[in-house]
Amino acid sequence: MIILGRIVAPFGVQGWIRVHPYGDDPVLWKEMPHWWLSESADTALENWVQYRQDGCRMHGKGLVARLNGFTTRDAAEAVKGWFIAAPRTALPRTAHDEYYWGDLIGLDVVTESGDTLGTVASLLSTSVHDVLQVRDGDTERLIPFVAAWVLDVDLAARRIRTAWQKDW
């Protein structure tokens with residue numbers, strides 16, 4: 001499953017939820033007729049619960065949505081903090097040089113000279129751009145996910161090559 005975002009709060013009194021999306025362009029989620037919810041991002045594939053998406057729109061920096069069966073604020077409150085995901089086959093195709101966060105997590109990060117910086121542990125969304133959180137043992141590096149620093153992403157080789165330096 002590709003984690004798309006997290007439910008942060010109920011929205012109104014008719015079962016709508018407020019969603020913090022991971023990544024950009026979450027308005028494309030409207031094209032997905034079903035969303036999958038789970039209390040944990042690490043849930044086994046067969047334990048994600050599928051819901052029909054009955055409405056979705058941008059609201060500020062996030063989304064508000066309504067899922068089939070959620071008709072009250074209490075129902076929406078019960079899934080506060082839960083994750084939203086979808087199987088790869090349900091997601092819209094990415095354009096060249098676009099990636100789902102889930103595709104990047106776990107990739108090795110190396111410098112131009114081939115030094116290993118670590119592995120992508122997660123991504124952070126800032127108001128300016130996304131940031132790779134790279135871990136190597138006790139060392140953590142935050143590398144902006146922008147063309148100036150990320151030279152290429154090779155999903156097949158499970159590697160990101162960067163202009164970042166090991167001693168930074």
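The points below go through the fold, the nonpolar cores and several individual residues of this predicted model.

1. Basis of the note. The model is predicted, with local features requiring pLDDT of at least 70 and side-chain atom pairs counted only at pLDDT 80 or more, while totals for chains, interfaces and linings use all residues. Residues are numbered from 1 along each chain as its sequence is written, and side-chain values use heavy atoms, with hydrogens and water left out.

2. Overall architecture. The chain has 2 helices and 12 strands, and from the N terminus the order of elements is β-β-β-β-β-α-β-α-β-β-β-β-β-β; helices (H or I, at least four residues) and strands (E, at least two) are DSSP runs, numbered from the N terminus. Taken along the principal axes, the box filled by the C-alpha atoms is roughly 55 × 30 × 30 Å. Where contacts link residues at least 6 apart in sequence, 51% of them join residues at least 24 apart, a contact being heavy atoms within 4.5 Å.

3. Burial and surface. Of the 168 residues, 38% count as buried, where buried means under 20% relative accessible area, exposed over 50% and partly exposed in between (1.4 Å probe, protein chains only). The accessible surface of the chain is about 9300 Å², and 49% of this area belongs to carbon and sulfur atoms; the areas come from the Shrake-Rupley method with a 1.4 Å probe, and for residues only the protein chains shown count as cover.

4. The largest nonpolar core. This core holds 24 residues, of which Leu-4, Ile-17, Trp-35, Leu-37 and Ile-84 touch the most other members; a nonpolar core is a set of buried Ala, Val, Leu, Ile, Met, Phe, Trp, Tyr and Cys residues joined through side-chain atoms within 4.5 Å. Two or more residues each come from strands E1 (2-11), E2 (16-21), E3 (34-38), E5 (62-67) and E6 (83-86), and E6 gives the most, with 4 residues. Beyond the residues up to four places away in sequence, Leu-4 touches Pro-21, Tyr-22, Trp-29, Met-32, Ile-84, Ala-85, Ala-86 and Leu-91.

5. In soluble globular proteins, nonpolar side chains tend to be buried together.

6. A nonpolar surface patch. Val-27, Leu-28 and Met-58 make a nonpolar surface patch of about 200 Å²; patches consist of residues with over 30% relative accessible area and no salt bridge, like charges being joined within 9 Å and nonpolar side chains (Val, Leu, Ile, Met, Phe, Trp, Tyr) within 5 Å. The salt bridge excluded here is a side-chain nitrogen of Lys or Arg within 4 Å of a carboxyl oxygen of Asp or Glu. Val-27 sits in the loop between E2 and E3 and counts as partly exposed because its relative accessibility is 33%.

7. Gln-133. This residue belongs to strand E9 (residues 130-136) and is buried, since its relative accessible area is 11%. Its side chain makes polar contacts with the side chains of Ser-122 (2.2 Å) and Glu-140 (2.5 Å); a polar contact is a pair of N or O atoms within 3.5 Å, where within protein one must be able to donate a hydrogen and the other to accept it, and residues adjacent in sequence count only if both atoms are side-chain atoms.

8. Gln-53. Located in strand E4 (residues 49-59), Gln-53 counts as buried because its relative accessibility is 12%. The side chain of Gln-53 reaches the backbone nitrogen of Gly-55 at 3.0 Å, and a polar atom of that side chain lies 3.5 Å from the backbone nitrogen of Cys-56. Setting aside neighbours within four places in sequence, the residues in contact with Gln-53 include Trp-29, Trp-35 and Arg-66.

9. Positive phi angles. Most residues other than glycine have a negative phi, and most peptide bonds are trans. Asp-97, which is not a glycine, has a positive phi of about 65 degrees; Asp-97 lies in the loop between E6 and helix H2 (101-104) and is exposed, as its relative accessible area is 53%. Arg-158, also not a glycine, has a positive phi of about 55 degrees and is found in the loop between strand E11 (150-154) and strand E12 (159-162), where Arg-158 counts as partly exposed at 41% relative accessibility.
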